[in-house]
Amino acid sequence: MVKGIEEGIFCAKCNVKMKLGVLPKYNYEDGYPLHNVKAYQCPRCNKIFFTEEQAHEMEARTTELKEHEFGFERTVTLSGKSLMVGIPAELVEHLHIKKGQKVKIFPIAKEGFIIKKTY
Ligand SMILES: [Zn+2]
C-alpha cells in the first residue's frame, strides 16, 4: 500500500476525505481564469486543495494564457496637468498614426478604455 495516495487527502478543518473533482472555473492567478481544473474538494466545507502536480498544471496553463494575450504594457506619465500614455511604435506604424490624429476614447466598465482613430 502506497501511503498518502491510498489514504487520500483529508480536509484539515473537517477531517473528512476530500474528493477529486473538476472545478468549472478557477483563477490560479487574478485575471487568468482556467476552466475545468482538477482539484480535491472537501464535501463538507468545500475547501479546495491542489496537489503539487495539479498546481504545476495550473501554472503551465496560466503561462500559456498569458503568451496568447496580446497587448502592450505602458506606464502612465504626467505631462503638465495631463496624464499621458505613449503609443507603441509598432502601433503607430501599423495604424499610420501621425501627430494631430484625432482619436476617440471609449470607456469599458471599470476595466479601462479603448482608443479608436476617428477620420
Ligand atoms: Zn472541510
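# Exercises on a predicted model

The centres of domain 1 and domain 2, taken over C-alpha atoms, are separated by 36 Å. The structure is a predicted model.

**Exercise 1.** State which residues belong to domain 1 and domain 2 in the domain assignment.

*Solution.* Domain 1 covers residues 19-68. Domain 2 covers residues 77-117.

**Exercise 2.** Identify the atoms that coordinate the zinc ion, and give their spacing along the chain.

*Solution.* Step 1: the zinc ion is coordinated by the SG atoms of Cys11, Cys14, Cys42 and Cys45, at 2.2 to 2.3 Å. Step 2: along the chain, these donors follow the spacing C-x2-C-x27-C-x2-C.

Step 1: Cysteine 11 is in the segment before strand 1 (19-29), while cysteine 45 is in the loop between strand 2 (32-41) and strand 3 (48-49), so the pair ties together parts that are 34 residues apart in sequence.

**Exercise 3.** Determine the arrangement of the four donor atoms around the zinc ion.

*Solution.* Step 1: four donors count as tetrahedral if all angles lie between 85 and 135 degrees. Step 2: the angles subtended by the four donor atoms are 107 to 113°, and therefore the arrangement is tetrahedral. Step 3: for comparison, the ideal angle for four tetrahedral donors is 109.5 degrees.

**Exercise 4.** Classify cysteine 11 and cysteine 45 as buried, partly exposed or exposed.

*Solution.* Step 1: buried means under 20% relative accessible area, exposed means over 50%, and partly exposed lies in between. Step 2: cysteine 11 has a relative accessibility of 1%, so cysteine 11 counts as buried. Step 3: cysteine 45 has a relative accessible area of 27%, so cysteine 45 is partly exposed.

**Exercise 5.** Describe the largest pocket by its volume and its lining.

*Solution.* Step 1: the space in the largest pocket is about 960 Å³. Step 2: its lining has 23 residues, and those nearest the centre are Val85, Gly86, Ile87, Phe113 and Ile115. Step 3: two or more lining residues come from each of strand 5 (82-84), strand 6 (103-108) and strand 7 (112-117). Strand 7 contributes the most, with six residues. Step 4: sorted by class, the lining of the largest pocket holds 16 nonpolar, three polar and four charged residues.

**Exercise 6.** Describe the second largest pocket in the same way.

*Solution.* Step 1: the volume of the second largest pocket is about 200 Å³. Step 2: Glu69, Phe70, Gly71, Phe72 and Glu73 line this pocket. Step 3: its lining divides into two nonpolar, one polar and two charged residues.

Conventions:
Residues numbered from 1 in each chain as written. Predicted model: local features only at pLDDT ≥ 70, side-chain atom pairs only at ≥ 80, totals over all residues. Heavy atoms only, no water. 1 Å grid on protein atoms, 1.4 Å probe; cavity = no way out; pocket = protein on both sides within 12 Å on 5 of 7 lines; lining within 4 Å. Points joined across faces, edges and corners; volume = space filled by probe spheres on them. Helix = DSSP H or I, 4+ residues; strand = E, 2+ residues; numbered from the N terminus. Nonpolar A, V, L, I, M, F, W, Y, C, P; charged D, E, K, R; others polar. Donors = N, O, S within 2.8 Å, 3.2 Å for Na, K, Ca; no water. Tetrahedral: all angles 85-135°; square planar, octahedral: opposite > 155°, others 65-115°. Buried < 20%, exposed > 50% of the residue type's maximum accessible area, 1.4 Å probe, protein only. Domains from an automatic or database assignment.
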